[in-house]
Amino acid sequence: MRPTKSATSRRWRAARYGTAAVAVLALATASACSSSSSSSSSTSSTSTTSPSASPSSSASSSVTSFPRTETLYTSGTAYSPPSNWNPLDTGNYATGTQGLIYEPLFLYNPQTGTYDPWLATGNLNAGWKGSTYVINVRSGVTWSDGTPLTGADVAYSINLARTNATDPYSANVSTVADATANGNTVTVTFKGTPGYTEFTDYLWKAPVLPEHIWSKFPASQIATDANLNPVGTGPMTLDTYNTQEVVYQTKPSWWATSALGLSFKFKYLIDVVNGSNDQELGQLTAGNIDWSNNFLPGINQLMQAVGGNSGYTLKTYYPTTPYMLSANTVWLEPNDSVAPMSNVNFRKALAYALDPAVIAQTVYGGITKAANPTGLLPNLSSYVNTSVVSADAPTYNPTLAKQYLAKSGYNGQAITLQVPDGWSDWMDATTVIKSELDAIGINLQLIYPQANARTANVTDGNFDLQLDNNAGLDSTPWSYFQRVYQLPIEKQQTSELNWERFSSPADWALVQEAATVPLTDTTKLDSIYTQLETDFFAQEPVIPLWYNGAWFQGNTQYWEDYPSSTGSDQNMPVMWDGYLGAMTTVYALADLRPTPQTSS
């Protein structure tokens with residue numbers, strides 16, 4: 001099996017700009033005091049109407065003024081100017097490409113563990129008919145150029161991934177033999193045993209593409225063309241963009257309004273390119289940003305302040321600690337191919353020496369949670385064998401850590417721990433880790449290369465220890481254990497899988513076996529994942545530490561009814577790629593209501 005490419009790794013990251021939380025809090029206060037409202041139009045540089053540079057139809061005339069009470073301002077996803085609306089160019093496309101313009105067949109709901117029919121109808125698991133899969137494509141859906149969505153578009157999208165390796169979802173359909181359409185019914189056949197897990201991931205992660213547009217792209221450009229005039233089925237269309245923001249306009253004819261009763265109450269959505277953390281928090285508290293998916297140091301202090309988050313109209317998913325949903329697992333990742341990290345006793349010494357709860361509290365002040373020892377995210381708790389955890393999982397025990405260290409043969413040589421320079425929270429975490437490892441006698445040296453250099457070091461195997469959070473939110477544990485055990489180990493591990501370079505053919509075989517088990521066969525899957533968890537604790541190939549948050553802060557000055565653990569809207573509150581247009585963020589956007597404005 002080929003590895004599934006990561007569609008989210010570029011935008012999960014936490015802080016990239018070093019700023020002390022206290023300083024940010026002070027700036028937020030100053031910003032809010034100096035600016036009580038946002039301007040009624042975009043304050044960025046001159047907008048650029050999308051040119052006719054792709055085979056798709058021309059974009060509509062752009063708007064240059066956006067009434068504040070009709071516009072939702074978002075931020076926290078884009079770190080570079082928007083210039084690409086190709087949903088196959090994962091990691092590079094502009095915020096909203098997937099979800100606002102292009103849509104999948106199903107949506108995954110992490111809160112319930114279920115799949116909602118979207119461009120397909122019916123129950124996802126009921127689509128399996130023996131060794132074939134039948135997709136019933138929703139009727140009454142049109143592309144934004146007026147062309148009806150048909151089963152041919154769905155079959156084309158699957159076959160494109162099957163036959164063109166540049167499609168980032170090709171691994172998900174590696175066991176597919178063919179997809180054929182008869183009206184709005186698509187029948188997918190497989191080569192032998194289906195890859196149930198990977199194909200299920202395709203159904204909720206991959207965009208459905210318009211055949212009448214995509215078939216005109218050269219085969220070599222299907223995932224690289226900028227697609228500047230995107231034609232999708234989603235709730236919005238591209239209006240305009242510039243170096244600082246992208247503007248989408250709500251589409252009145254969106255199919256989900258009549259089919260599901262969903263509609264956006266804002267006319268425009270403007271996603272703003274990220275600035276530094278202090279700028280972002282200041283813009284949020286001033287009401288210039290409504291929905292922020294930034295990691296904002298000091299947000300917990302604002303939420304705890306006397307007088308109702310210091311008088312700000314801010315919301316987080318949880319009203320108190322941990323404030324945020326969990327989005328991905330941060331590991332301490334040893335290079336298991338070189339000594340002393342190759343020694344299991346040394347890795348166990350690391351695991352028993354570290355206190356994830358202390359790290360999470362010291363660095364994040366209660367806006368993250370310590371990880372389960374398996375590293376599996378809370379939405380996958382049903383897959384965690386609590387008996388195995390109780391019996392085998394390491395817990396903070398410096399005395400036992402010293403015993404494992406003595407058995408490892410470690411002789412005091414310097415061990416380096418690297419994280420990217422400027423990732424301030426991770427840099428803070430390394431100082432806590434160093435303190436705890438120093439306490440058991442490990443000579444730890446901290447180094448902070450630039451982000452690209454760090455990635456090159458890890459890809460090439462040029463590291464001792466590093467922090468890694470590529471294990472993101474998914475609907476089963478399969479991708480998590482694939483990330484741990486993927487074989488073979490290449491000279492350059494460019495896929496971000498098995499960066500720790502741990503070799504266990506038996507466990508990789510279990511991961512491959514799990515992929516061929518129907519998701520409805522929970523007994524078999526529980527058996528496989530229990531064995532993987534057992535082996536994980538015996539080997540400690542990586543050491544789970546904490547869960548990075550699904551960073552979300554909303555300002556209710558102009559919009560209300562944000563996603564909340566205490567309300568009826570408990571949907572995914574982030575717009576990161578891999579989340580918007582795959583999970584339930586679209587419901588959260590549809591639930592927003594304008595805040596009644598007091599006449600001045």
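1. Start with how α10 and α13 cross: α10 passes α13 in a right-handed crossing (near helix turned clockwise from the far one by less than a right angle). This is a predicted model, where local features need pLDDT of at least 70 and side-chain atom pairs count only at pLDDT 80 or more, while totals for chains, interfaces and linings use all residues. Residues are numbered from 1 along each chain as its sequence is written, and side-chain values use heavy atoms, with hydrogens and water left out.

2. The axes of α10 (residues 356-364) and α13 (residues 424-438) come within 9 Å and cross at roughly 140°. On the α10 side, V358, I359, T362, V363 and Y364 meet residues of α13 that include W426, A429, V432 and I433 (contact is heavy atoms within 4.5 Å). By class, that contact has eight nonpolar, one polar and three charged residues.

3. Now the salt bridges (a side-chain nitrogen of Lys or Arg within 4 Å of a carboxyl oxygen of Asp or Glu): the structure holds seven. In one of them, R68 and D290 meet at 2.7 Å, N to O. R68 sits in the loop between α1 and β1 and D290 in the loop between α7 and β12, so the pair ties together parts 222 residues apart in sequence.

4. R68 counts as buried at 5% relative accessibility, and D290 is buried at 1% (buried means under 20% relative accessible area, 1.4 Å probe, protein chains only).

5. Have a look at α4 (residues 196-205) too: nine of its 10 residues are buried, so the helix is largely enclosed by the rest of the structure.

Terms used: Buried < 20%, exposed > 50% of the residue type's maximum accessible area, 1.4 Å probe, protein only. Helix = DSSP H or I, 4+ residues; strand = E, 2+ residues; numbered from the N terminus. Axes fitted to C-alpha atoms, helices over the stretch in contact; angles between N-to-C directions. Nonpolar A, V, L, I, M, F, W, Y, C, P; charged D, E, K, R; others polar.
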